[in-house]
Amino acid sequence: MARVSSLLSFCLTLLILFHGYAAQQGQQGQQFPNECQLDQLNALEPSHVLKSEAGRIEVWDHHAPQLRCSGVSFARYIIESKGLYLPSFFNTAKLSFVAKGRGLMGKVIPGCAETFQDSSEFQPRFEGQGQSQRFRDMHQKVEHIRSGDTIATTPGVAQWFYNDGQQPLVIVSVFDLASHQNQLDRNPRPFYLAGNNPQGQVWLQGREQQPQKNIFNGFGPEVIAQALKIDLQTAQQLQNQDDNRGNIVRVQGPFGVIRPPLRGQRPQEEEEEEGRHGRHGNGLEETICSARCTDNLDDPSRADVYKPQLGYISTLNSYDLPILRFIRLSALRGSIRQNAMVLPQWNANANAILYVTDGEAQIQIVNDNGNRVFDGQVSQGQLIAVPQGFSVVKRATSNRFQWVEFKTNANAQINTLAGRTSVLRGLPLEVITNGFQISPEEARRVKFNTLETTLTHSSGPASYGMPRVAAA
Amino acid sequence: MARVSSLLSFCLTLLILFHGYAAQQGQQGQQFPNECQLDQLNALEPSHVLKSEAGRIEVWDHHAPQLRCSGVSFARYIIESKGLYLPSFFNTAKLSFVAKGRGLMGKVIPGCAETFQDSSEFQPRFEGQGQSQRFRDMHQKVEHIRSGDTIATTPGVAQWFYNDGQQPLVIVSVFDLASHQNQLDRNPRPFYLAGNNPQGQVWLQGREQQPQKNIFNGFGPEVIAQALKIDLQTAQQLQNQDDNRGNIVRVQGPFGVIRPPLRGQRPQEEEEEEGRHGRHGNGLEETICSARCTDNLDDPSRADVYKPQLGYISTLNSYDLPILRFIRLSALRGSIRQNAMVLPQWNANANAILYVTDGEAQIQIVNDNGNRVFDGQVSQGQLIAVPQGFSVVKRATSNRFQWVEFKTNANAQINTLAGRTSVLRGLPLEVITNGFQISPEEARRVKFNTLETTLTHSSGPASYGMPRVAAA
Amino acid sequence: MARVSSLLSFCLTLLILFHGYAAQQGQQGQQFPNECQLDQLNALEPSHVLKSEAGRIEVWDHHAPQLRCSGVSFARYIIESKGLYLPSFFNTAKLSFVAKGRGLMGKVIPGCAETFQDSSEFQPRFEGQGQSQRFRDMHQKVEHIRSGDTIATTPGVAQWFYNDGQQPLVIVSVFDLASHQNQLDRNPRPFYLAGNNPQGQVWLQGREQQPQKNIFNGFGPEVIAQALKIDLQTAQQLQNQDDNRGNIVRVQGPFGVIRPPLRGQRPQEEEEEEGRHGRHGNGLEETICSARCTDNLDDPSRADVYKPQLGYISTLNSYDLPILRFIRLSALRGSIRQNAMVLPQWNANANAILYVTDGEAQIQIVNDNGNRVFDGQVSQGQLIAVPQGFSVVKRATSNRFQWVEFKTNANAQINTLAGRTSVLRGLPLEVITNGFQISPEEARRVKFNTLETTLTHSSGPASYGMPRVAAA
């Protein structure tokens with residue numbers, strides 16, 4: 001009977017295996033996925049760290065239910081001083097925010113001209129290797145970036161960053177997996193032009209990951225040599241096969257790219273003029289080469305809501321930055337002081353990914369079932385998703401709470417539950433009295449007591465008196 | 001051997017379990033879902049009823065293959081006289097049709113002004129509780145609705161209804177789950193501002209449902225008190241915790257909201273003027289506050305097809321109501337007499353959800369395989385989906401057959417199989433003779449005998465004579 | 001113990017079954033499908049052949065990972081001389097390319113007028129069957145098609161083809177399953193107006209296929225008779241029930257459709273004039289009846305890249321053919337000579353389906369992991385998908401290599417890895433030296449040695465000398 005016995009245990013094992021599998025499928029593999037039946041949200045931290053020579057890339061697990069529901073993935077790039085994030089591109093639209101530091105950024109847009117040249121009269125001279133210093137380079141636009149910059153990147157466009165400051169340059173990026181612009185599956189996929197990723201695409205499920213190499217690595221060296229008209233040895237060098245520096249490398253010596261003077265000084269007209277008249281290809285729109293892709297959200301003079309005692313809120317949508325209409329993402333930057341509260345609100349037409357850049361806050365989030373699915377602290381470096389329709393209230397619990405929200409709509413609309421432009425203000429008194437079974441007097445206070453639109457004090461004696469009239 | 005025997009039965013059970021699971025997966029869990037391999041359609045009735053104090057909400061099972069294929073869910077709201085459907089919003093775009101009765105409707109669009117005020121000079125006075133009647137309210141637009149009204153609602157926008165008539169107010173709504181405007185999963189999700197739903201979201205699969213509460217319920221009462229600057233007791237009252245009236249409540253006493261005079265009398269210019277100049281926020285387009293969202297499909301003077309002996313057809317697309325371009329839905333209203341037939345047709349670029357408001361009809365539907373997947377009666381209160389490309393013919397079998405069709409395209413195109421603008425008319429005779437192996441004479445009759453475009457008699461002696469020429 | 005033994009083998013079988021299933025599910029059934037984790041691509045040939053009386057339809061398996069990832073299906077139509085592909089329509093947008101031969105094409109667009117008439121004064125006369133030859137037909141536009149024509153077709157629009165040449169007419173078509181224009185599931189679905197398909201929709205998984213019949217077959221004959229006002233016998237004839245000719249039938253006798261003179265001679269103005277003023281319905285845009293849907297990609301005078309010694313490349317996007325903006329597809333036609341190379345490139349915002357019309361080439365494709373996922377010959381009649389972001393290089397290995405690429409974006413953007421408008425050209429020298437650890441001299445050669453933009457020689461002595469300056 002030993003045989004029967006082992007057979008039994010074998011079948012039991014089989015049963016367990018099967019049940020485990022079925023349970024997993026029940027959760028994941030349904031026709032009607034219910035990844036948005038979120039009973040609990042969590043402040044999320046990165047699940048994977050990719051270390052490089054001069055920095056690291058921290059990746060959030062995009063299979064986490066709240067990111068899955070939001071249809072995005074998220075990553076943080078920490079580039080050390082003199083670190084160069086080598087050019088790569090993605091299969092998705094990307095919106096990035098510079099959380100710390102400053103640096104340079106370049107993108108290469110297909111068919112656009114190399115408008116940055118060493119001198120106004122471009123005359124490359126090659127009089128032998130000894131005089132190579134005289135060579136004048138030309139390349140596409142290079143921009144200064146600094147804390148607060150919000151950068152839109154379209155799919156397939158290669159981008160690089162260089163930290164020319166002293167402190168680390170920290171950039172966070174959201175990748176829109178659910179958009180029609182991503183024509184692959186719902187996984188983020190970096191394609192490396194240079195560099196590599198020895199750990200492999202650890203965030204991908206379902207296959208064993210090999211080290212990730214650059215694109216040149218995949219071609220035969222003789223193909224590269226023919227295509228670039230270079231010798232085989234240089235072609236092999238482009239494959240980075242013996243390179244273990246990762247995708248953020250340390251620049252040796254000066255980083256002499258052509259760059260404009262810092263903001264405030266740069267002759268913008270000239271530069272854009274050239275872009276507009278540059279050569280084009282592939283049926284691109286006339287303006288794509290000079291389209292503005294960056295805006296700064298830390299400039300207090302452009303805040304949408306500004307209260308000296310409480311803080312400010314700035315939004316960036318496709319009215320401000322038209323390329324956002326194309327990539328269907330937008331952003332909000334907030335900075336509030338201790339005990340300030342962002343009035344409860346919901347996103348009407350977008351999911352929001354909230355990332356804390358400084359300080360900490362107490363946040364409550366309420367789902368469609370009226371359940372509080374999050375009630376806790378979020379602090380610097382953490383992320384939380386606020387799905388479409390879910391209501392959220394934020395109260396700073398540190399000296400200053402600063403965050404950025406990425407939204408999955410080029411013109412995300414906010415509805416507030418309280419305040420001068422709130423949904424309660426728009427409802428007739430009778431709807432409020434009947435809905436909540438309260439007296440007309442109570443309903444009036446509910447409707448009119450809060451005069452602010454967005455920010456208020458979260459403590460101190462509330463004014464329970466008569467409502468004041470808002471100046472419209 | 002008893003042990004072996006039980007082991008055998010155990011393994012058999014396992015096998016059955018596994019096969020059952022695999023079969024279910026085969027139907028539901030594939031990468032290439034084939035929810036549109038529909039061999040049979042059914043006239044559907046609601047699967048869930050949510051009872052409230054003054055009405056009920058009837059919900060169709062959106063997991064039914066034909067709704068799943070169409071990417072929508074469907075609900076019917078029955079609001080009794082003096083019933084108030086409390087404000088709620090959805091994660092999807094919604095198109096509603098008033099099937100019976102009349103009432104009032106209000107929406108609260110974020111950032112738009114409270115353009116409805118008690119008097120032209122708004123001066124709220126609060127001279128003590130005794131004189132509270134003198135307080136003048138202000139709120140967003142309130143509209144009269146009546147049978148035939150078709151109402152577009154964008155995601156995240158709160159909406160309420162009040163039945164100020166004597167008979168029940170019946171509204172049917174389609175929710176576009178498959179659109180990019182729904183940023184959550186493919187489930188309909190109401191968010192309640194007031195009221196509740198003691199039965200829970202019974203239409204959702206995959207988790208045990210708890211009673212559904214309003215949004216305020218999810219926040220801490222002290223948060224609500226701080227945000228609204230009200231006392232804790234009123235804040236708790238907003239949570240509706242002791243309320244079991246559901247989401248349709250009975251209004252006690254008069255329902256004194258500010259409303260325009262009934263249609264034909266209302267000074268529309270004035271009202272829109274105000275809306276246009278109201279205050280805005282969140283980067284909304286200048287016109288969103290005054291955008292028309294309602295049109296009546298029962299007005300015979302606007303019918304697209306009108307035959308006194310047969311009936312009429314009215315369509316509502318984004319040319320009529322531009323907001324439909326945004327929500328990507330449109331509607332068709334039909335009303336035909338006994339023995340009238342809607343000529344066989346298919347939807348080129350949309351799925352259609354047909355809901356019967358009155359009477360009954362004999363309907364045949366044909367799928368891509370040339371199979372008749374439906375051949376039966378549909379009668380008042382029933383729904384049937386007609387997927388893209390499927391051909392359908394309708395014949396009234398009661399004195400009058402009236403229906404509404406919701407279509408998943410802002411400009412749904414119909415192709416007819418018969419009649420003056422049909423596909424057969426557009427084909428050369430030679431294609432018809434060769435395709436069907438019929439004589440040129442027969443082909444001519446096939447092409448030209450039916451002169452109507454949409455409606456014809458379904459009985460009586462057909463004219464088998466010579467084709468007549470249509471006046472183009 | 002025989003029983004135990006058989007039980008064991010039974011359980012083992014079960015285990016194998018289960019594991020097989022689980023493995024398949026692991027690949028297919030996940031919430032996060034990873035159909036784009038492509039470790040290997042293959043040159044694909046048709047998996048199903050549907051034979052007809054006068055031709056055949058060859059269908060590629062759209063479940064193949066690379067097509068699944070690309071969200072499309074693909075078919076080839078081989079229509080013999082005098083063969084008529086009977087009118088059918090699809091649930092998806094379609095882009096077709098005439099690979100060989102010439103013929104006639106007709107589409108029937110709902111609501112558009114029958115602008116093709118036998119004489120300028122249309123007066124049908126029916127003076128008895130004997131004189132039926134005198135009848136003058138009228139129908140919608142008929143177009144000549146020939147090799148190189150690229151034809152856009154919107155969902156739900158019926159289309160027919162007739163081969164009026166001597167050699168077979170070969171048309172290849174891509175169907176965009178992933179677009180929002182397909183409102184059914186991700187399967188291609190032809191709907192037949194005439195003809196049939198005795199083999200059934202063999203490409204569909206998940207149900208047993210029955211023979212596919214035409215739409216009329218699904219209605220009751222009496223319904224057809226009433227709708228078309230014809231006798232029951234003719235109605236039955238329309239059902240093609242005794243017809244086994246398939247969907248491509250042989251035309252007996254002359255095919256006397258009204259057609260314009262061949263290109264170069266046709267009075268286009270007149271024809272379009274009529275279309276513009278034809279009658280319309282269903283709220284269609286004024287221009288849809290006369291919208292151009294066809295362009296020829298074999299005309300060397302419109303090539304985007306033309307090098308007498310190497311070959312040419314022509315693209316067709318929504319700037320050339322505005323209807324492509326609506327169906328979100330575009331095309332590229334290439335023709336290169338032996339040993340010419342298309343410089344390595346990637347599609348920034350589209351998947352590409354490459355189909356070889358003549359000759360053969362050596363192709364290398366590199367995925368996001370830097371792995372070569374294809375390295376082989378593709379030859380006439382084969383297909384290969386190049387997913388978004390994947391880099392590809394093509395070298396002709398026969399006397400002439402000609403292909404067509406269908407792209408899943410109305411304005412697909414190409415980025416090149418080499419050449420005058422390449423990504424390397426747009427990068428600063430410092431990024432290249434640091435990224436690849438090469439000297440400034442090497443970096444300069446990498447950047448500037450190749451002056452061509454798209455096509456170059458794939459053999460012969462490469463010019464390893466000094467870079468030459470491109471005239472911009």
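This is a short tour of a predicted model, stop by stop. Local features need pLDDT of at least 70 and side-chain atom pairs count only at pLDDT 80 or more, while totals for chains, interfaces and linings use all residues. Residues are numbered from 1 along each chain as its sequence is written, chains are lettered from A in the order in which they are written, and side-chain values use heavy atoms, with hydrogens and water left out.

Start with chain A and colour domain 1 (48–120 + 134–262) and domain 2 (293–457); the bounds come from an automatic or database domain assignment. Their C-alpha centres lie 32 Å apart. Between the two domains about 2600 Å² is buried, 64% of it from carbon and sulfur atoms. That area is the accessible area (1.4 Å probe) the two parts lose on being put together, summed over both.

Now select A:Asp358 and A:Lys100, which form a salt bridge with their closest N and O atoms 3.3 Å apart. The term requires a side-chain nitrogen of Lys or Arg within 4 Å of a carboxyl oxygen of Asp or Glu.

Next, select helix α10 of chain A, residues 440–448. Helices here are DSSP runs (H or I, at least four residues), numbered from the N terminus. Because 7 of its 9 residues are buried, α10 is largely enclosed by the rest of the structure; buried means under 20% relative accessible area (1.4 Å probe, protein chains only). Among the buried residues are A:Val446 and A:Phe448. Their cover includes α8 (423–426) and α9 (429–436) of chain A, and α4 (221–228) and α5 (232–238) of chain B.

Notes: Buried < 20%, exposed > 50% of the residue type's maximum accessible area, 1.4 Å probe, protein only. Helix = DSSP H or I, 4+ residues; strand = E, 2+ residues; numbered from the N terminus. Contact = heavy atoms within 4.5 Å.
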